[in-house]
Amino acid sequence: MRRLEDLARGVGAAVLAIALLFGAGVPARAAAIAQDGGVVSLAYDSRAQTLFKAYARGLHQSSDGGRSWQKIEIPALEDGRIASAAVSPATKGVMYIAGPGTGVLRTEDGGHSWIERNEGLPSRDVIAVAAHATQPDTVYVVVHDQGVYRSQDAGKSWRLMERGSRGGIRQLIHSDMPGSMQTGWLFAATPKGIRRNMDCFCLWQDAGKLESEAYSVTYDPGHPDHLYAATEKGLFRSSDGGENWVQMTSPGSKAVALAFARTGTLYAANDEGILFRSEDNGGSWNQVNA
């Protein structure tokens with residue numbers, strides 16, 4: 001009997017150790033996924049040094065690089081969901097979330113209050129949102145089956161710019177990479193790879209030859225021609241504005257969302273919300289407790 005009691009204590013201790021080593025973050029992530037759906041977007045506010053992680057039905061923020069998270073209250077989405085989140089690089093505290101059925105929501109105080117910005121859009125079936133790299137009031141959205149709309153008054157009014165990239169757009173970013181005929185470039189993650197267009201909306205073109213389904217694209221604000229893409233085939237980086245791509249080391253799990261902090265940290269998240277960070281442009285990765 002004594003041997004059985006010793007064995008039971010040993011097994012219990014082992015289970016506890018395994019839970020502490022591997023399972024501490026699992027219940028929280030499982031609860032977040034069950035309540036909020038999978039992760040759809042990452043965004044980084046360099047002015048507030050805050051990382052945002054958007055789920056289909058929830059939004060979370062971290063001020064310590066993803067080690068701890070706080071949920072942000074957003075308006076009830078009813079039948080809507082979140083597909084995209086974008087932080088304004090030009091104004092601290094300004095952020096947009098958007099998605100099918102949700103339309104566009106804007107906060108000017110870091111998520112304490114939200115304002116609908118849907119007037120002038122043909123529907124609330126919004127797929128993606130992107131904030132201009134340098135102009136505080138300029139924002140872009142992609143409306144399903146309608147095209148790309150631009151607002152230059154913080155979403156109070158919208159103008160159809162063009163019918164959108166061939167093959168559809170999943171995520172959109174604006175970069176102040178030099179060489180544009182106007183103020184920058186738009187890069188889109190699409191089912192056929194990364195596409196780009198000067199923000200004069202002159203012509204969408206393939207950005208290099210990734211030829212892989214793309215989930216997310218981001219860039220280094222300190223080097224706007226340095227791009228990073230999450231695709232079906234893994235992670236890739238480009239140092240020439242998307243002309244050529246090099247495959248990076250995998251973080252160990254398929255990434256579906258990327259964000260780059262001005263400090264030089266690249267973040268990647270899978271759809272379960274597990275976060276990874278790289279301090280060497282994707283050469284190596286560390287999993288962050290998330």
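## The disulfide

The link between Cys200 and Cys202 is left-handed, with -115 degrees about the S-S bond. Its sulfur atoms sit 1.9 Å apart, and a search of the whole structure turns up 1 disulfide (a pair of cysteine sulfur atoms within 2.5 Å). Cys202 is partly exposed, at a relative accessible area of 41%. On this scale, buried means under 20% relative accessible area, exposed means over 50%, and partly exposed falls in between (1.4 Å probe, protein chains only).

A word on the model: it is predicted, so local features need pLDDT of at least 70 and side-chain atom pairs count only at pLDDT 80 or more, while totals for chains, interfaces and linings use all residues. Residues are numbered from 1 along each chain as its sequence is written, and side-chain values use heavy atoms, with hydrogens and water left out.

β1 pairs with β2 (residues 50-55) in the antiparallel sense over 6 bridges, and Ser41 stands opposite Ala54 in β2.

Another open sheet has 4 strands too, in the order β17-β18-β19-β20, again with antiparallel pairing. Its edge strands, β17 (214-220) and β20 (246-247), each pair on one side only. Strand β19 (residues 234-238) runs antiparallel to β20 and is joined to it by 2 bridges; Phe236 stands opposite Gln247 in β20. For the terms, strands are DSSP runs (E, at least two residues), numbered from the N terminus along with helices (H or I, at least four), and two strands pair if DSSP finds at least two bridges between them.

## Around Thr190

Thr190 is found in strand β14 (residues 185-190) and is buried, with a relative accessible area of 0%. A polar atom of the Thr190 side chain lies 2.8 Å from the backbone oxygen of Gly193. Setting aside neighbours within four places in sequence, Thr190 is in contact (heavy atoms within 4.5 Å) with Ser165, Gly168, Ile169, Arg195, Ser212, Glu213 and Ala214.

## Salt bridges

The count comes to 7 salt bridges (a side-chain nitrogen of Lys or Arg within 4 Å of a carboxyl oxygen of Asp or Glu). One of them brings together the side chains of Arg195 and Asp206, at 2.9 Å, N to O. Arg195 lies in strand β15 (residues 193-198) and Asp206 in strand β16 (residues 205-206), so the pair ties together parts that are 11 residues apart in sequence. Arg195 counts as buried at 6% relative accessibility, whereas Asp206 is partly exposed at 41%.

Lys254 and Glu232 form a salt bridge as well, with their closest N and O atoms 3.9 Å apart. This pair links distant parts of the chain: Lys254 is in the loop between β20 and β21 (257-260), Glu232 is in the loop between β18 (223-231) and β19, and they are 22 residues apart. Lys254 is partly exposed at 46% relative accessibility, and Glu232 is partly exposed at 43%. Then there's Arg277 with Glu279, whose closest N and O atoms are 2.6 Å apart; Glu279 counts as partly exposed at 48%.

Definitions and conventions:
A polar contact is a pair of N or O atoms within 3.5 Å; within protein, one must be able to donate a hydrogen and the other to accept it, and residues adjacent in sequence count only if both atoms are side-chain atoms.
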